[in-house]
Amino acid sequence: MAKDVEQVTEQPEYSAKDYHDPPPAPLIDPDELTKWSLYRAAIAEFIATLLFLYITVLTIIGYKRQSDTSIAGNTECDGVGILGIAWAFGGMIFILVYCTAGISGGHINPAVTFGLFLGRKVSLVRALLYMVAQCAGAICGAGLAKGFQKSFCNRYGGGANSVSDGYNKGTAVGAEIIGTFVLVYTVFSATDPKRNARDSHVPVLAPLPIGFAVFMVHLATIPITGTGINPARSFGPAVIFNNDKVWDDQWIYWVGPFVGAAVAAFYHQYILRGSAIKALGSFRSNA
């Protein structure tokens, strides 16, 4: 009698992890200074921030001129309004992040760079060089805008940020912290390799949610601080306009965004992604 032969089907082996986390960036990498890619990325950040400030500052100045009721024929409802200004900022971020993401990562914001540095996405050397390039680009962009419309720039504030009347500095710092948290949290989420792997059936264009985050934050905080959430954006017009009130409030547009970026980096990396728990588990397994 023939024996029944059982055919055992081998089950394919599946990796417990269907995505790959890039290794953390070194704190200091001297070899990075010898690579052209670092300087090319810094140049991309400089040009992107220059274009960002040029377009957005001109948008602000144009709106203030069109809604200036001291000019015959103008009404307060003329111009693009707060909605148009928010679209200018969000739209430019969408465009510029899309253009530079493959070269520099498309930061265009020292707070974003700081948050990614804390998340070990970029080295200290790259982060510092990016911030210098971004601030220099912001100054040049605001200066270029003033070169085209000098009289209007001086008359309507040059696109510089300051705390609006009726709000105290504590409220302004809080608005900047929360606004920057929204932006940097969106950046981490949109570029998360885990999301890209799990949601591969849904094409995610990272610049789109980042641009929308900037747009939404501007709608909420323009009436309070003019919306910074980007120290370079506030610093460039401050240098060009050079007004005492603007300089007195300048610290708000650095402290707020940097604190918000740090909280967003901690929340995403150590709570949502559980990096702290993973590190503790690795430590215990090696003990």
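## A buried residue in a loop

At 2% relative accessibility, isoleucine 229 counts as buried, a term for residues under 20% relative accessible area, with exposed meaning over 50% and partly exposed in between (1.4 Å probe, protein chains only). Isoleucine 229 sits in the loop between helix 8 and helix 9 (231–241). Helices (H or I, at least four residues) and strands (E, at least two) are DSSP runs, numbered from the N terminus. The phi of isoleucine 229 is positive, about 45 degrees, although this residue is not a glycine.

Arginine 120 also has a positive phi, of about 60 degrees, without being a glycine. Most residues other than glycine have a negative phi. Arginine 120 is in the loop between helix 3 and helix 4 and is partly exposed, with a relative accessible area of 40%.

## Basis of the model

The model is predicted: local features need pLDDT of at least 70, side-chain atom pairs count only at pLDDT 80 or more, and totals for chains, interfaces and linings use all residues. Residues are numbered from 1 along each chain as its sequence is written, and side-chain values use heavy atoms, with hydrogens and water left out.

## The chain as a whole

The protein chain has 12 helices and 0 strands. Of its 287 residues, 44% are buried. Contact means heavy atoms within 4.5 Å; among contacts between residues at least 6 apart in sequence, 80% join residues at least 24 apart.

## Nonpolar cores

A nonpolar core is a set of buried Ala, Val, Leu, Ile, Met, Phe, Trp, Tyr and Cys residues joined through side-chain atoms within 4.5 Å. The largest one holds 42 residues, and Phe52, Leu183 and Ile210 touch the most other members. Elements giving two or more residues to this core include helix 2, helix 6 (169–190) and helix 11 (252–272). Helix 1 gives the most, with 9 residues.

Leaving out residues up to four places away in sequence, phenylalanine 52 touches Phe89, Met92, Ile93, Leu96, Ile108, Asn230 and Arg233. Another core, of 5 residues, lies apart from the largest one, and its members include Ala172, Val173, Ile252 and Tyr253.

## A nonpolar surface patch

Helix 2 (81–100) and helix 8 (207–225) each supply at least two residues of the patch. Leucine 219 is in helix 8 and counts as partly exposed, at 32% relative accessibility.
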